[in-house]
Amino acid sequence: MAFFVPTGAAQPAHAQPVEGDQFSFVVIPDTQHYSDSTLNHPTFGKQTQWIADQRDALNVSFVAHLGDIVESFPSDPQWQRANQYMATLDSAGVPNSVLPGNHDMNINNGEAPLFDRYFPPSRYAQASWNSPSASYGGYLGQNLFGPDPIDRKNKDNFALFSEGDLDFVLINLEYESPDYALEWAQKVLNAYPDRRAIIATHGFITTGGNRTTVTTRQDAGINSSVQVWNELIYNNCNIFLVVNGHWHDGELSEAHRADPNACGKPVHQILTNFQDRADGGQGWLRYYVFDPSENSIKAVTYSPTLNRYETDANSSFTLGYDMSESTSTKEVLVRGGSAWRWQYIKEAWPTGWTGLGFNDSAWNTGPAVLGFGSTGLGTNIDVPAPTSNRPLSARFRHQFTITDASALSQVAVTTRADDGVVVYVNGIEIGRKNLPTGTLSSTSYATAAPRTSVATTTANAATFTVPPTALRDGTNVVTASTHLNFRSTTDLSFDL
């Protein structure tokens, strides 16, 4: 890759210029301890001024603030400072967006009156930087995609930007996004299926790189990051990046992970939040250099206050992202999180259970992820104690409809081998992983024992090609069985 990040303790204030068709996406993490400090608030200004000064060198396409703009949502002086420093980007014509974190709102009722006053939709709709290459898209409450159930003003908003032949949609979601925010975000994604999607929200992955079931808001319909992943991100195959702040633990201020979505493509999820460092965060910020020729994204962490890059593995890393592949040619026949018929009992497999005509009406029904012993499950299928005597295999069935099977090409199934898995379409085996060769039965052991946390990573996803002859017009069925490596395993999971 042509882009180079200098190393060493001290670096010049000017960024290393990007080259060729490279461009940058910048995130500003939690600024609350700049806004609330009479001593440190100029640091906020140094961040936005540096971004404005480096716009051409970095070819900055867009800047996203990740929330917790202020420390105390009722404090007008803090909002005035934030308004002043974010206005630096507006004045320089740098496209930018904001979203509310937990400190920017009343978490008892979701209200954020000063956020609404200082960062209303009109500020962005009327911004000088709106152009064919970058523009404010709209907000929840605008009734842009039909009637909205609520007016959240700019607390949930989206923007559009483009570089070369790459088109993006950036969706900014309020902290612990309520149901109405996720429903609105889905409408945005439906309206722009051909754009590559980035989700910015305040809290998503933690300093340990985990999605969490924890929530702190008290109003109705709130969603944890596990729920946001399951209900929005996983099923929308054009989402490739999620950026967040919020979580912090001293010097543990960064994390990143990648997981396959419903199409088997990696979704990069990245935390940056430096608020626990000296002087409210020392001005550290993050930018991502997209390199279409290399199909890569380079994460760069820099402080304009210290004039220094941070080059450890959590601060400087490269992500793979295929920018040559179109986002508009995929059709999802079976979405992740779908409802499945399932059985997890000790019995021999009946004849024909993988085929279309099998009667599964007596089986249980539940949404994926199905399994036990891990977070983010839609259905717990575990058996009563003693768990050391669990069945070795679980069976799953799901019917789906194809209008014209001959119109489909390059059909693939992505699932997880936890511990082992075999998949059939209309009774035809299309692939297995972590299982022995030969005939399988309900008592077949898996040949490996990956933990769920490993089995669900992009690198360990199981992807199988579906032969065209396996599909038919009308009703089809996909079936699978998972197999344990040992009966007392602590976790099992299935989704497809």
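**Close-up 1. The disulfide of C237 and C263 is right-handed, with 90° about the S-S bond.** In this predicted model, local features need pLDDT of at least 70, side-chain atom pairs count only at pLDDT 80 or more, and totals for chains, interfaces and linings use all residues. Residues are numbered from 1 along each chain as its sequence is written, and side-chain values use heavy atoms, leaving out hydrogens and water. A disulfide is a covalent bond between the sulfur atoms of two cysteines; here it is taken as a pair of cysteine sulfur atoms within 2.5 Å. The sulfur atoms of C237 and C263 lie 2.1 Å apart. This pair links distant parts of the chain, 26 residues apart: C237 sits in the loop between α8 (225–233) and β8 (239–244), and C263 in the loop between β9 (254–260) and β10 (266–272). Helices (H or I, at least four residues) and strands (E, at least two) are DSSP runs, numbered from the N terminus. How many disulfides does a search of the whole structure find? It finds 1.

**Close-up 2. Helices α7 and α8 make a right-handed crossing.** The axes of α7 (residues 179–191) and α8 come within 10 Å and cross at roughly 35°. Axes are lines fitted to C-alpha atoms, for helices over the stretch in contact, with angles from 0 to 180 degrees between N-to-C directions. A crossing is right-handed if the near helix is turned clockwise from the far one by less than a right angle, and left-handed if anticlockwise. Which residues make the contact (heavy atoms within 4.5 Å)? From α7 come L182, A185, Q186 and L189, and from α8 come V228, E231 and L232.

**Close-up 3. Three strands form an open, mixed sheet in the order β18-β17-β25.** Two strands pair if DSSP finds at least two bridges between them. Strand β17 (residues 370–372) runs parallel to β18, joined by 2 bridges. L370 has T379 in β18 as its bridge partner.

Terms used. Contact = heavy atoms within 4.5 Å.
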